[in-house]
Amino acid sequence: MRGRIKLRQLAAATVGAVAMFAPISSAGAATQKVAHEHVTATLTYHGTSPVRQNPHLVITLDGTVVYDHAVTSKWCGKECAPNVIAGTRKVVHLVHFQPQGPPSVLLDLYSGGAHCCAIEQVYTLSSPHGSVVKTERNFGDPGVRLVKLGAKGTVDLLSADDSFAYEFTDFAASGLPIEILSFSHQSFHTITKSFPSLIAKDAAQWMSAFHAQASSHYADTVGVVAAWAADEDMLGHSSVVARFLSREARAGHLNSAISPVTPSGDKFVGALQKFLRQQGYLHPRR
């Protein structure tokens, strides 16, 4: 089960349109423009899918240009492309991450490669002076969805932890546990543990995938069970995870299709627990 497929299946509320969206294209050039309240953002780029070149972003506040620069990233330099799917996807957004102040400009970028990388850039406007600060994060293959999860209707970012990809098996069999982030004070903040019901739903999906592996005699299960363990550890169920992994290792159910490159059985359990500690899911024993 691929991480991105699982992510699409999560029943989280997507954000409604907060801005006018006007895609315009001619002679190999394209423009996406959004406007809301006093802010307008215009993205232009050239080329045809999947190659997009020379993206350029202009932001205006009350009609005054406050940002006018080529789009670059530390992950793809000047070769970043708008993350457009089939040439129709909206890649520039105006988002209220916080209930007060002007909306931020959110830009979806793609660095290229089969499984890498979805980059999100947030351009924060400082009112009333109109200064703009760019913040970016690499979300890897799973990408991100805008969702309204908080009681105040603020916007969060729904994704999955891409660090699990390839860690214990190939990409197709890797499980990616749920990851939810907020954005404030020009920084991304991981807030996944604030939504235990979504974590539990994600864990249940990975456990279902694990049980489905019984039909293939548990030939490649370590990827999905790793994602399940991470979810359950976030819920505070580390002792349950430890007992389950020990039992399944004894039963011969924890296997990797690329073993011995990655371990199976008890060796996998040890490697997984070490990895979960390194990633902050499992706290060291005192």
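Where in the chain does Tyr166 lie? Tyr166 is found in the loop between β12 (155-160) and β13 (178-184). Before going on, a word on the ground rules. This is a predicted model, where local features need pLDDT of at least 70 and side-chain atom pairs count only at pLDDT 80 or more, while totals for chains, interfaces and linings use all residues. Residues are numbered from 1 along each chain as its sequence is written, and side-chain values use heavy atoms, with hydrogens and water left out.

**The whole chain**

The protein chain holds five helices and 14 strands. Helices (H or I, at least four residues) and strands (E, at least two) are DSSP runs, numbered from the N terminus. Of its 286 residues, 47% count as buried. Buried means under 20% relative accessible area, exposed means over 50%, and partly exposed is in between (1.4 Å probe, protein chains only). The protein chain exposes about 13600 Å², with carbon and sulfur atoms supplying 53% of that; such areas come from the Shrake-Rupley method with a 1.4 Å probe, and for residues only the protein chains shown count as cover.

**Two residues with positive phi**

Glu37 sits in the loop between β2 (29-36) and β3 (39-46). Those strands make a hairpin with two residues between them. β2 and β3 run antiparallel and are joined by eight bridges; two strands pair if DSSP finds at least two bridges between them. Within this pairing, Val34 stands opposite Ala41 in β3.

**An open sheet**

Four strands form an open sheet in the order β11-β12-β13-β14, with antiparallel pairing. β11 (145-148) and β14 (187-190) are at the edges with a single partner strand each, so one side of each has no neighbour in the sheet. On average, neighbouring strands here are turned by 40° against each other, direction ignored; the axes behind such angles are lines fitted to C-alpha atoms, for helices over the stretch in contact, and angles run from 0 to 180 degrees between N-to-C directions. β11 pairs with β12 over four bridges, and Val147 is opposite Asp156 in β12.

**The nonpolar cores**

What about the inside? In soluble globular proteins, nonpolar side chains tend to be buried together. A nonpolar core is a set of buried Ala, Val, Leu, Ile, Met, Phe, Trp, Tyr and Cys residues joined through side-chain atoms within 4.5 Å. The largest one has 40 residues, and Trp228, Leu254 and Phe268 touch the most other members. Elements that give two or more residues to this core include β12, β13 and α3 (222-234). The largest share, nine residues, comes from α3.

α3 itself has 13 residues, and 13 of the 13 are buried. From first C-alpha to last, α3 reaches 18 Å, close to the 18 Å expected at 1.5 Å a residue, where the expected span is 1.5 Å times one less than the number of residues. Just after α3, Gly236 takes a positive phi of about 85°.

Leu254 touches Phe210, Val225 and Phe268, among others, not counting residues up to four places away in sequence; contact means heavy atoms within 4.5 Å.
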